[in-house]
Amino acid sequence: MNDVLQLFSQYDIPGAFLVNIELTLWSALFSMILGIVLVVMRISPVSSLRTVSAAYVALFQNLPLTIIMVFMVLGAFAQLKLSFSNQFDVNFFWLAVVGLTLYTAAFVCESLRSGINTVPLGQAEAARALGLSFSESAFQIILPQAFRGSVAPLGNTFIALLKNSTVAAAASVATESSSLMSEMIEYHANSIVAIFFIFAMGYVILILPIGALTTFLSNKLAVRR
Amino acid sequence: MSTTKDESSLLFDQPGPRGLRKIRIANWLAGLVFILVIVLILLRLHNPPDGENQLSWELWKPALETEAWTDFYLPGLWMTIKASILAVLGSMIYGFIFGMGRLLPSKIVRTISGVIVEFCRAVPVLMLMIFFWRWFAFSGMSEASYWAVVLSLILYNGSVVAELIRSGVGNLPGGQREASLALGLTQTQALMQIEVPQAIYAMLPAAVTQLIVVLKDTALGSIIMYTDLLQESRRLGSMYFNILQTLVVAAVIYFIVCALLSKLARILPEHMQKRTAATATPVDVEPVAPLAIMDASNVNQIAVAQEVDGNRYGGAPLQHHVHHRGSNASIRQWRHTRYIQGYDETHPESQEEVHNREIPNLWKRKSSETDDDAIDQQNHSTEKS
C-alpha cells in the first residue's frame, strides 16, 4: 500500500491525465469545426464539394490513427519541416492535436450525417415549400434538429477521442498518460498491476460522467416525433 | 453513392436554369480551389524549407522496389493479418460468453460480466497493450508483444461484441421470447435456443466492421515493438531516410484492405436479414462503444439513425422498429416506455412514422399472401367437392 502512495508522490499522475484532457478538448473543438464543414459540404448541391467530403471521410475512416500520428512526427515534422513551435514538447503536442483532429473529423461528419437522417423528409419539404434556400433550410431547419439527433453518436465519438488521445505516445508526447504508465512500469516492475489499475480506473472515472452526460443530453434534446 | 443523392434531394428542389448555372459555377470554383490545394501540397513536397525534394525518384525507389515488398511490407502485412484474425476469433468467443453472461437470469453472473465488459471498454487499448506487453516480457514469455496485441484486442473488441449480442437480443420483437416461453421453455432455454442465435445473425455485419477496427488497432502494436506493417515500413524508412514515402505506401495498403472489408460489411446485411427477426444493420466503421452501464438505448439511437437511412428509398422495410428511442428504457420494459412516450399500442395510427409511409409495399406482400391463402382454400374446396 505504501508503495502505491509513494508512486503518487513520485510521479505527476494527475498531470499526465491533464495532458490527455487538453489533447482531447483541443481536438474536439477543431474536429467539431472541421466535421461541420465536411457535413455541410456533404449535403450541398455542389457535386465537387460532395465528392471531396466523401473522399476525406473514406480516407480517414480507413486509416489507423497510429499511422497518422507517426506520419505527423516522422513525415510532416521531420521531413516536411512542419512545426508549430521551437520547443519540442509544445510542438509535438500540437502535431498530435492536428493528427487527432484530422482523424476524428471524419467520425464527427458521419455522426452528424446520421443525425441528419433522423430528420423526417417532411421538415425539408416544408422548408422548401416556405421558399427557404439551401443555406436557410440547412442552417435553420435541418442542422439544428440533426444536432439534437446526433448527440449520442457524437458523445461516443468524443469518448473514443479521449481514449485515442493515448495514441499521442506515437507522436512523441512523452508527458501523456500511457507514456507515463510505461515509464513507471519500467522502474517499478513489482507493482505493475497496481500501476495499471491506477491508470485504468482514471479512464473509467473520466469516461463514466461523459457517458452519463451523453445519455442525459440525448434524452433531453431528442426531438419527440 | 446513393446516400448522397438521398440527402441532396432532401434539402433542395430541382434547380431551375439560373440555379443550375450558379451550381455549375460553384462547382468549378470549388474544383479549382481543391486543385490549388493539391498543387500547393505538391510544391511543398517538392521543395520543403531546408529539406530535400520529397518527390525525387531516389526517395521513392527504395520504398517501391521488389525487395521492399518481399522483405518488409508483405511480412509486416502478414503479421498484421495474423494478429487481426486471431483477435477477431477470440473476441467472438469472449463476446459470446460475456454477452450471454449479461442476459442470464442470475443476478450475480449479470453483474460480474457487466463490470468486466464495461471496464474493458473504458480502458484505452494502448494501455492494455503496454500492460500485457511488460507483464508477459517480465514473466519470460516469447513473442510477448504479439500475445499482448492479440489479448488486448480480444478484451476490447470482445466487450463490444458482447454489447452487440445484448442489443441484438434487445432488438428482437418481444413475441419471439413470449412464444418460446409459451412453448414451455425456461428463460435460459429461450435465450440460448431462440433469442441469441437470431441476435448472432443480426450482429454478423457489425462483426465484420469490427474486423476493420481490429485491423486498424493492430497498428498500435508498433508502439510496443510488434513488427506489423507500420513497424516494418518505419524500419525500411529509417534505412533509406525516406520514412514519408514508406509510410505513404503502408497507408495505401491499410486503406485498400479496410475499404475491401467495409464493402463486405455493406453487402452482408442483405443476406443475413433472411435469417433473423431482428434488423441486420451495417454499423458504421468503428462502432464506437456506448456506455451501456447507464443505458442500453445508446446503441439503438445509432440504429434509429441508420434505420431511417436504409429505409427511405426502396430499401427492405424493417419489420420492427427500435422501441425506445432517446429514452432511458431498459430492454425488458420497452412496451411500457413506448406507451408513456406517447406510442399507444391500442391506437396503431399514433405509431405511423415517416419512413413507414410506403404502405403499398406492405399491402402487396400481404395481399399476395392472402391470395395464396384464398387459392389454397379454393383448392381445398375443390378437393372437397
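**Reading helices and burial in a predicted model**

Modeller: With 14 C-beta neighbours inside 10 Å, L18(A) counts as partly exposed. The terms work like this: buried means 20 or more other C-beta atoms within 10 Å of a residue's own, exposed means 12 or fewer, and partly exposed lies in between, with C-beta atoms placed from the backbone. This is a predicted model, in which local features need pLDDT of at least 70 and side-chain atom pairs count only at pLDDT 80 or more, while totals for chains, interfaces and linings use all residues. Residues are numbered from 1 along each chain as its sequence is written, and chains are lettered from A and ligands numbered from 1 in the order in which they are written.

Colleague: Thanks! In which helix is L18(A) found?

Modeller: Helices are DSSP runs of H or I with at least four residues, strands are runs of E with at least two, and both are numbered from the N terminus. L18(A) sits in helix α2 of chain A, residues 13-43.

Colleague: Where does UniProt place the "domain: ABC transmembrane type-1" feature in chain A?

Modeller: UniProt positions follow the numbering used here, with feature names shortened, and annotations may be inferred rather than shown by experiment. The unreviewed entry gives residues 17-214 of chain A. That span is 79% helix and 0% strand, with its end C-alpha atoms 21 Å apart. For chain B, UniProt lists a feature of that name at residues 77-265, again from an unreviewed entry; this span is 84% helix and 0% strand.

Colleague: How many helices and strands does chain B have?

Modeller: Chain B has 14 helices and 0 strands. Of its 385 residues, 43% count as buried.

Colleague: Back in chain A, at what angle do α6(A) and α7(A) pack?

Modeller: Axes are lines fitted to C-alpha atoms, for helices over the stretch in contact, and angles run from 0 to 180 degrees between N-to-C directions. Helix α6 (residues 121-129) and helix α7 (residues 134-149) of chain A pack at about 165°, their axes 10 Å apart. Angles under 35 degrees count as roughly parallel, over 145 as roughly antiparallel, 65 to 115 as roughly perpendicular and the rest as oblique. So α6(A) and α7(A) are roughly antiparallel to each other.

Colleague: Which residues meet there?

Modeller: Contact means C-beta atoms, placed from the backbone, within 7 Å. Q123(A), A124(A), A127(A) and R128(A) of α6(A) meet S137(A), I141(A), I142(A) and Q145(A) of α7(A).

Definitions and conventions
Two residues are in contact if their C-beta atoms, placed from the backbone, lie within 7 Å.
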